[in-house]
Amino acid sequence: MTHLQLAENLLDRLLDSELTKLDEAELRTLVHGIERLARKAVAASAEALVEISDRGFDTRWGHRNGRDLLIDELRLSPAEAARRMRITTAIVAMRTLTGDQRPPVHPDLAAGVRAGVISEAAADTVLSVYDKIPAAVDHDERASAAASLAEAATCFRPREIRMLGDRLLAHLDPDGQLTEPSDRARHRALTLSPQDAQMMSKLTATLDPATRAKLDVLLDTWAAPGKHNPDDPCPTDPDEAARTDLRSPAQRRHDAFSAMLTHIIATGALGSSKGSPAQVVITIPIDKLERMTGVVTTPSGGTIPVADAVELAGHNHAWLAVMDLQEQPLYLGRTKRLASHAQRIMLDIRDKGCTKPGCCLPSSWVQAHHDTDWSNGGATDINNLASACPSHHATIGAGPHQWSTTIMKSGPYRGRVGWIAPAHIDPTRTPRVNHLHHPDELLEQVRQRKRRGPSATDDPWRG
Ligand SMILES: [Zn+2]
């Protein structure tokens with residue numbers, strides 16, 4: 001008789017026994033013992049699953065994997081099957097491809113489930129807490145946390161394990177995002193990846209329920225087949241448009257999202273940023289515009305093909321700044337007459353941040369400085385304005401220990417803002433420009449140094 005048959009026969013006898021004959025203490029022992037058996041059965045089932053999958057029987061029986069076997073053959077719900085698989089991979093010793101035995105990922109949890117002292121739900125709670133441990137936590141701390149959680153699972157209910165887990169996570173990540181008790185607000189997030197080689201970006205979000213509900217409203221309507229299809233922008237017959245829409249659901253959701261952004265920008269509802277209307281401003285060097293080739297940068301430092309930028313400007317009333325080859329603003333195409341805003345935008349485009357050599361503060365931090373002071377008759381003209389961060393703005397003045405600025409009249413940086421150090425720092429009083437917002441120039445400096453070799457007189461900031 002196999003072990004399985006033996007165990008089943010014993011259980012059958014238990015089921016057939018007269019419970020009325022048991023006294024209070026015996027009944028208590030019985031209910032504890034049966035629960036222990038059920039938990040051990042989870043461990044036994046996990047062992048069997050791994051053996052089946054190691055020998056490829058699950059696929060031979062027509063399942064894609066062990067999870068499908070649990071769902072199709074043992075009729076577990078997808079959630080139950082997912083939980084069983086999660087626990088299985090955590091508590092069973094796996095065989096590697098070379099045939100060696102690797103200890104379970106969670107040895108303490110494995111021991112507890114095998115001994116019948118940790119339930120399936122408790123084990124699953126331990127694993128969900130463990131999954132939230134930040135990746136930066138080192139191996140030893142992680143192992144010690146896993147041991148504490150497994151210990152907790154032998155004497156606490158899942159809810160208590162979760163609370164204890166929150167405390168443990170707070171200890172592991174004292175100033176991180178995981179310190180508060182479980183709270184949806186804490187986990188809300190929206191992240192945008194850098195653009196990849198194809199200029200595509202990955203948007204990842206964890207939405208709170210209200211935001212999700214609003215997004216569902218948008219997608220239910222705008223992502224429907226035939227709606228906002230770039231291949232069929234002005235359909236005459238909506239039914240025909242829906243029928244001929246070849247986009248995947250994911251592509252339709254993307255197009256609905258893009259249409260939402262177009263709509264919001266066009267309504268002007270975004271208000272203003274730094275006194276300029278919140279708009280997409282794209283700088284296009286004139287040679288690229290003439291050839292309609294290459295890529296250009298957006299104000300946030302992203303890139304976009306020239307043809308797409310022109311298309312965007314046409315449809316969205318975006319601002320399109322056309323620059324000459326020295327990257328000096330020549331012309332600012334726009335739909336509204338806002339001269340001061342335009343100047344501000346031109347400053348952003350020309351300076352891209354604080355103009356003091358070596359300062360890395362971006363446009364959002366700078367003030368417009370009058371090169372010839374307003375009180376001395378200086379005009380608020382683009383060729384009399386310079387971007388400077390507040391602390392560097394404060395160092396500019398006519399005093400002997402103060403800096404001054406000038407617009408470069410010639411040389412490779414013509415039109416840019418040069419900074420002149422006070423005489424005690426630079427007796428030659430040579431104007432210098434900031435390259436930190438113009439990485440191409442830094443690259444060119446490096447190329448020149450490689451060609452010529454560094455020389456004592458080399459001054460990369462010199463205008
Ligand atoms: Zn600065």
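This is a predicted model: local features need pLDDT of at least 70, side-chain atom pairs count only at pLDDT 80 or more; totals for chains, interfaces and linings use all residues.

Reader: Which class does leucine 436 fall into, buried, exposed or partly exposed?

Author: Leucine 436 lies in the loop between β15 and α18. Because it has 19 C-beta neighbours inside 10 Å, leucine 436 counts as partly exposed. Leucine 436 is in contact with Gly358, Cys359 and Cys360, leaving aside neighbours within four places in sequence. Cysteine 359 is 77 residues away from leucine 436 along the chain, yet their C-alpha atoms are separated by 7.0 Å.

Reader: What share of the chain is buried?

Author: Of the 463 residues in the chain, 21% are buried. The chain has 18 helices and 15 strands. Among contacts between residues at least 6 apart in sequence, 48% join residues at least 24 apart.

Reader: How do I read a phi angle?

Author: Most residues other than glycine have a negative phi. Arginine 429 has a positive phi, near 50°. Histidine 228 is not a glycine either, and its phi is positive, about 50°.

Reader: Where is histidine 228, and is it buried or exposed?

Author: Histidine 228 sits in the loop between α11 (209-222) and α12 (238-243). Histidine 228 counts as buried because it has 21 C-beta neighbours inside 10 Å. Another loop residue is alanine 398, between α17 (390-393) and β14 (404-407). Alanine 398 has 8 such neighbours, so it counts as exposed.

Reader: Which residues have the most contacts inside the largest nonpolar core?

Author: That core has 28 residues, and those with the most contacts inside it are Ile91, Leu109, Val113, Ala123, Val126, Leu149 and Ala153. Two or more residues of the core come from each of α2 (24-54), α5 (78-91), α6 (107-114), α7 (120-131), α8 (139-155) and α9 (158-172). Apart from it lies another core, of 11 residues, including Leu347, Val366, Ala388 and Val433.

Reader: What does leucine 109 touch?

Author: Leucine 109 belongs to helix α6. It is buried because 26 other C-beta atoms lie within 10 Å. Beyond four places in sequence, leucine 109 is in contact with Ala90, Ile91, Ile118, Ala123, Val126, Ala150 and Ala153. Alanine 123, in turn, touches Ile87, Leu109, Val113, Ile118 and Ala153, again not counting residues up to four places away.

Reader: How should I read a helix such as α7?

Author: An α-helix has 3.6 residues a turn, so residues three or four places apart point the same way. In α7 the buried residues are Glu120, Ala122, Ala123, Thr125, Val126, Leu127, Val129 and Tyr130. They pack against α2, α5, α6, α8 and α9. The length of α7 can be checked too: at 1.5 Å a residue its 12 residues should span 16 Å, and its end C-alpha atoms are 16 Å apart, which agrees.

Reader: At what angle do α5 and α7 pack?

Author: Their angle is about 70°, and their axes are 10 Å apart. α5 and α7 are therefore roughly perpendicular to each other. Arg83, Arg86, Ile87 and Ala90 of α5 make the contact with Glu120, Ala123, Asp124 and Leu127 of α7. By class, this contact has four nonpolar, no polar and four charged residues.

Reader: How do α2 and α5 pack?

Author: Here the angle is about 80° and the axes are 9 Å apart. α2 and α5 are therefore roughly perpendicular to each other. From α2, Val42, Ala43, Ala46, Leu49 and Val50 meet Ile87, Thr88 and Ile91 of α5. The residues of this contact divide into seven nonpolar, one polar and no charged.

Methods
Residues are numbered from 1 along each chain as its sequence is written. A nonpolar core is a set of buried Ala, Val, Leu, Ile, Met, Phe, Trp, Tyr and Cys residues joined through C-beta atoms within 7 Å. A residue is buried if 20 or more other C-beta atoms lie within 10 Å of its own, exposed if 12 or fewer, and partly exposed in between; C-beta atoms are placed from the backbone. Helices (H or I, at least four residues) and strands (E, at least two) are DSSP runs, numbered from the N terminus. Two residues are in contact if their C-beta atoms, placed from the backbone, lie within 7 Å. The expected span of a helix is 1.5 Å times one less than its number of residues. Axes are lines fitted to C-alpha atoms, for helices over the stretch in contact, and angles run from 0 to 180 degrees between N-to-C directions. Angles under 35 degrees count as roughly parallel, over 145 as roughly antiparallel, 65 to 115 as roughly perpendicular and the rest as oblique. Ala, Val, Leu, Ile, Met, Phe, Trp, Tyr, Cys and Pro count as nonpolar, Asp, Glu, Lys and Arg as charged, and the others, Gly among them, as polar.
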